[in-house]
Amino acid sequence: MVADNTTARWMSVELHCSQERGTAARDSVLFDCAESLGIKVPTSCRKQGKCKECLVEIVQGMDLLSAPTPQEAHLKGNFRLSCSCRIAADSGVVRCHTMRRGEMRIERHALELPVSNKNLRLEPAVTRDGSRILLDGAEIDQSDGPIHGLAMDLGTTTVVLRLLNLETGEVVADSSFENPQRFGGSDVMARIHYDTQDGSKLLQRTLAGYLSHAIEEFPVEPHSIYEMVVVGNSTMRDLFFRLGVYPIGQSPYRSITEIEMAEGHRTTTSVVENARRLLLPIHPKARVYGLPIISGHVGADAAACMLALDIANEERLVAIMDIGTNTELIVGNKHKILAASCPAGPAFEGGRVTCGMPGLPGAIERVKIRPDSSMDIGVIGDRAAEGICGSGLVDLLSELLGTGQMNALGRFENNEERIVVTSKAGNEIFLSESDVNELAQAKGANVAGLRAVFNEYGNSFEDLDLFYLAGGFGRHLSVDSSKRIGLIPNIDNSKIRQVGNAAIEGACIALLSRTKRAEIESVVKRVVHCRLETDPNFFDYFVEGCQFKPLYSHEPAAIQP
Ligand code: FES
């Protein structure tokens, strides 16, 4: 078995009958193979099959592995527990990867945000009175050491953590990892279904295990973390807080907190829990606060974006679009705000695309087609290409369209089955028509959301003063490529701001300022939820949005209910 360890945590394994370096015989345990390559596999049970953390995704060679064990009964698709999975063949190729940790390309500082921890008046809920550590004025500890708070943006695909010193507002450390709940499906509906069937909170426990490892790796004593603020879409947030998510998956798609508020049992959709109950290794009396959700699938991440981009105090007409597995859309200003959530799926984050991958080292992030039809590519980390991430896919689609190699319907000209981007050392990276179809559907959902929200607001794209592209993916997109394929409205570039991860910025603001936290609690109550599923034009918008062509406002007028 020949194996290759890269910093992107890809483990490429070839089985041979030789004793070459990295080779292993039949019956080798995948966990041990990974360790011998220097890959640290998350575990809390020392390979006993109990913690469920040693997850690997098999990319190739599933049939060369031993049959799933009873400990793996909770896993579907190509996921295995590496401590339970053995090589069951003498030759062949197995490729797999662990959940990626700490190397996602995360923007540590969003750009051009109206509010940030640099211009914020510090007034955290956790304060000090001599050696007494107070939470909302009540003593929870005695310590002369630093006081820390933790912000988390809990995405369907990626989890981002930021550790702050609550006395100075400074960022002490940050971390990120792929959401290990992927074994429960790649989108929120699949996770809801999994959690409802499972009934044992396995998704929450697996995430808590990964979180604990990440927290313990911070350069501070975990018990010096006295408060944590969590943002995420409604499903991710509620799963984390151990709330039932079944009603979010059923029409009319409401979080249990929203239902309880409507019934008068609570006054806010925000949630508070004790760190110990959430299985976190921070101070046992630490408070974990989940920002309020807006409504339905429009979650606490959208609320956090609104806080960071200060839309509630904005006179101009602005839009915020955070493209992800669930795309968040917010349009408005201090007078009126509309919000929607689009189930776009993971294609633009590299999911369901044959050679797709997240924005990690080794991902093709830029593509240009030269006049001789060869490809000029830019790879993250300036290394051999391993796959293509969202910004590279958008560039590639735009170039194929611009050079006439693909039409607006996503069909390749000249009857080609696939378009090869690069082929080196036997590693061919390509785009197929079925990949284009996945991307077209993701784009169609985003465009349908944009059209529905603007239609309900009563404004055109051209009326916008500012269009914020939020999120790690939005930060790295080529604006021109995105406009050419119609992923974003075809408005003047001067109105478009790529602001990075505004959700984590909003979580930090809520952690550092009780005033801002109170403000967002009040603002979410006046946001109007634009329910895409009930919009009679949604399907027409979606079908039109699947085409690769620039997006203008005047087109919806042609579509009648
Ligand atoms: S290491 Fe704990 S289940 Fe595999």
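Residues are numbered from 1 along each chain as its sequence is written, and side-chain values rest on heavy atoms, with hydrogens and water left out. Because the model is predicted, local features require pLDDT of at least 70 and side-chain atom pairs count only at pLDDT 80 or more, whereas totals for chains, interfaces and linings use all residues.

The protein chain contains 13 helices and 25 strands; helices (H or I, at least four residues) and strands (E, at least two) are DSSP runs, numbered from the N terminus. The radius of gyration of the chain is 24 Å, in agreement with the value near 24 Å for a compact globule of 561 residues. This radius is taken over C-alpha atoms, and the globule rule is 2.2 Å times the number of residues to the power 0.38. Along the principal axes, the C-alpha atoms fill a box of roughly 65 × 60 × 40 Å.

Of the 561 residues, 61% count as buried, where buried means under 20% relative accessible area, exposed over 50% and partly exposed in between (1.4 Å probe, protein chains only). The accessible surface comes to about 21600 Å², and 47% of this belongs to carbon and sulfur atoms; areas come from the Shrake-Rupley method with a 1.4 Å probe, and for residues only the protein chains shown count as cover. Among contacts (heavy atoms within 4.5 Å) with a separation of 6 or more, 66% involve residues 24 or more positions apart. The chain carries 58 positive and 72 negative charges, whose mean positions are 3 Å apart. Lys and Arg count as positive and Asp and Glu as negative, while His and the chain ends are not counted; each charge is placed at NZ of Lys, CZ of Arg, CG of Asp or CD of Glu.

Helix 6 is largely enclosed by the rest of the structure, since 10 of its 10 residues are buried. One of these is C305, which at 1% relative accessibility counts as buried. Apart from neighbours within four places in sequence, C305 is in contact with I320, D322, A470, A502 and A503. Helix 6 is followed by D310, with a positive phi near 55 degrees.

Helix 7 spans residues 390-402 and reaches 18 Å from its first C-alpha to its last, close to the 18 Å expected at 1.5 Å a residue; the expected span is 1.5 Å times one less than the number of residues. Helix 7 is mostly covered, with 12 of its 13 residues buried. The buried residues include G390, D395 and E399. After helix 7 comes G404, with a positive phi near 75 degrees.

S373 lies in the loop between strand 18 (363-369) and strand 19 (375-379) and is partly exposed at 48% relative accessibility. N415 occupies the loop between helix 7 and strand 21 (418-424) and is exposed at 76%. The peptide bond from S251 to P252 is cis, with omega near 10 degrees; P252 is located in the loop between helix 4 (234-240) and helix 5 (256-262).
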